[in-house]
Amino acid sequence: MFKNEHFLLNTKIATLSIDTTLEEVSSYLKEGIGVIAYSESGTCLITPEDAALLPALSPKNIAALMATSSFFLAETKQWDDNENLLSSSQELARLASNRPLLIKDKEGNIRGYSSLSDLAHAANLEQQKWASYFTSLADTVTDAVTVVDRDGAVICWNTVAEELYQLPSEDILGKRIGEHFDVETLMVLKILDEGRMIRNTYHRPRPDTHVLINASPIRDAQGLIIGGIATEQDITQLVRLNEQLTAADSFGLPNREQTEDLFTLIKGKGPAIGKVIGWAKKVAATETPVLLIGESGVGKEQLAHIIHQSSSRSEHPFLTLNCGIVPAGLLEAELFGYQGGAFTGSETGEAGKLEQAKDGTLFINEVEKLPLELQAKLYHSITQQTIVRSGGSQPIRVRTRIIIATTQDLAAKLVTHEFRADLYYALNVISIRIPPLRDRTEDIPAMVHMYLKQFSLHYQKPVPVLSPEVILALTNYAWPGNIQELKNVIERCVILSDEDNIQLEHLPAALQEGQPSLSSFEGDSAAILLKNKVSDEEEITLIEEALAKTAGNKSAAAKLLGISRGTLYNKMKEYEME
């Protein structure tokens, strides 16, 4: 993963015959050249540092020297630049001699020699370097990082972990992690016992904290587990949102205090949805009625709820009424309520949605299906800020904000007298048209990522990876059911996926039809052009087209172009396209 720094290696070596005299050896040593010689008993290494010893020795040549003493016999070790210097230093500590070590390459050729003190110094520097790298890495990542030793004592606790658990490092470093967390729930301790890796797994280390965890055992050079490391992504807010989505009929948005800007929950960065968000933010600060226009499934109710939660009415009720679901005969009672005795003989009657949402917001969906006589009554309620219950006569003061949604062109219905003009103009102070998903394909990846996390949490599965073919299919599909259809497709894929990977076969038949495998593009003109010499302008155009087709996914774009992802990254960097 990291390349070792080069340790000090003496490469000035002369290979001599064992019959070479020590006097001749001394001449090499004086030039700073080490001498090696081979015999049946081993390899003799004499270094310039040994020059002062030779005159005091009685043997006249290397052969006699080796026959009388094993002092100059050198141990050898095969070593390459990618070998871990720190783990190898453990082997050095077990050497029988303090003599310099001969270093060989994979082919057995002598590369040079190094003293044990030089190797120990290099190992110390390597340890310091790795410690600095790891400390910087732990403080750079946006996930909480925890490292424990074999006994479960915490030896690393980064700043994100401090913020996530409100636990300063000085209170946990050196202590067993079980002192602060329930031992039975800790993944990092489980991997110490089981020795397995954990990837993108839902974890709840504390009752009020939800995370996606990646954890791995740490092994020494002999493969023994000496500790564990875990990174945790805080998904507490996402879990709460998911719970509300599951429990409520509405979008179940979090409370206002849970996020600074609820409009960030609307996934998308394209200009079309950006304009919608900009207008909705302005509308949220007012009391005026709002008309939301868009196809079924584009997220009209979600936007209405966010407008409410971002307004001064957020502490009051947000209620919904779908005119397409409630039978026409019950719409008046649902909307305006009924007076006692009018239907059931009840003395008190029951308040309608307009009255129940007093000081809050009422979202009326499919308003075009509201009968004309009720449209007149709703117009009167909006302009007078009062309602009269069905069967009653007493006006009731209400201050309910109205947000209307429709899939129809209400202006066209004015011509055919299917919609009242007075109500239309009362509602149409601010109208926001929400674009269909097919017109904002650039926003699909963000929404897919959000739903993958939500449903992976719901079904207690790791967050899967999408194959490039799936990404291409999702961005090329017309999405007649808009966001709701996309959400359903992602839920299906999470349920059916195996081995944390979503393939084309997991998609519904409608998405698979007409979607070519990316491998079929190997013979495509784009791939051929990129493999051959084309002008810079043509190459940039081809890359831009591929990125547009794949909604910016570089893996899919590279496959579409018939080149590797690394090549695509290099070309984008070369053309300053990032």
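**Close-up views of a predicted model**

Among contacts in the protein chain between residues at least 6 apart in sequence, 61% join residues at least 24 apart. The model is predicted, and its secondary structure comes to 22 helices and 22 strands. Of the 578 residues in the protein chain, 45% are buried.

**View 1**
Met66 is found in helix 2, which spans residues 62-68. With a relative accessibility of 11%, Met66 falls under the 20% cut-off and therefore counts as buried. Residues up to four places away in sequence being left out, Met66 touches Ser39, Ser41, Gly42, Thr43, Cys44 and Leu73. One of these residues, Gly42, is 24 residues from Met66 in sequence, and the C-alpha atoms of the two are 8.8 Å apart in space.

**View 1. The buried residues of helix 10 and the elements that cover them.**
In helix 10, which runs over residues 328-336, Leu331, Leu335 and Phe336 are buried. These three residues cover an arc of only 85 degrees around the axis, and therefore lie on the same side of helix 10. An α-helix has 3.6 residues a turn, so residues three or four places apart point the same way. The cover over the buried residues of helix 10 includes strand 13 (318-322), strand 14 (337-338) and strand 16, together with helix 11 (353-356), helix 12 (372-384) and strand 17 (386-387). Just after helix 10, Gly337 takes a positive phi of about 80 degrees.

**View 2. Asn365 in strand 16.**
Strand 16 consists of residues 361-365, and Asn365 has its place in this strand. Strand 16 is also among the elements that cover the buried residues of helix 10. Asn365 is buried because its relative accessible area, 16%, is under 20%. When its neighbours within four places in sequence are set aside, Asn365 is in contact with Lys300, Leu321, Asn322, Cys323 and Ala405.

Most residues other than glycine have a negative phi. Gln385, however, is a residue other than glycine whose phi is positive, near 55 degrees. Its place is in the loop between helix 12 and strand 17, and at 35% relative accessibility Gln385 counts as partly exposed. Gln460, likewise not a glycine, has a positive phi of about 55 degrees, and Gln460 lies in the loop between helix 15 and strand 21 (465-466). Because its relative accessibility of 51% is over 50%, Gln460 counts as exposed.

**View 3. The crossing of helix 15 and helix 17.**
The axes of helix 15 (residues 444-458) and helix 17 (residues 482-496) come within 9 Å and cross at roughly 50 degrees. The two helices are therefore oblique to each other, and their crossing is right-handed. Helix 15 makes the contact through Met447, Val448, Tyr451, Leu452, Phe455 and Ser456, while helix 17 contributes Ile483, Leu486, Lys487, Ile490, Glu491 and Val494. The residues of this contact divide into 9 nonpolar, 1 polar and 2 charged.

Conventions
Residues numbered from 1 in each chain as written. Predicted model: local features only at pLDDT ≥ 70, side-chain atom pairs only at ≥ 80, totals over all residues. Heavy atoms only, no water. Helix = DSSP H or I, 4+ residues; strand = E, 2+ residues; numbered from the N terminus. Buried < 20%, exposed > 50% of the residue type's maximum accessible area, 1.4 Å probe, protein only. Contact = heavy atoms within 4.5 Å. Arc of directions from axis to C-beta. Axes fitted to C-alpha atoms, helices over the stretch in contact; angles between N-to-C directions. Parallel < 35°, antiparallel > 145°, perpendicular 65-115°, else oblique. Left-handed = near helix turned anticlockwise from the far one by under 90°. Nonpolar A, V, L, I, M, F, W, Y, C, P; charged D, E, K, R; others polar.
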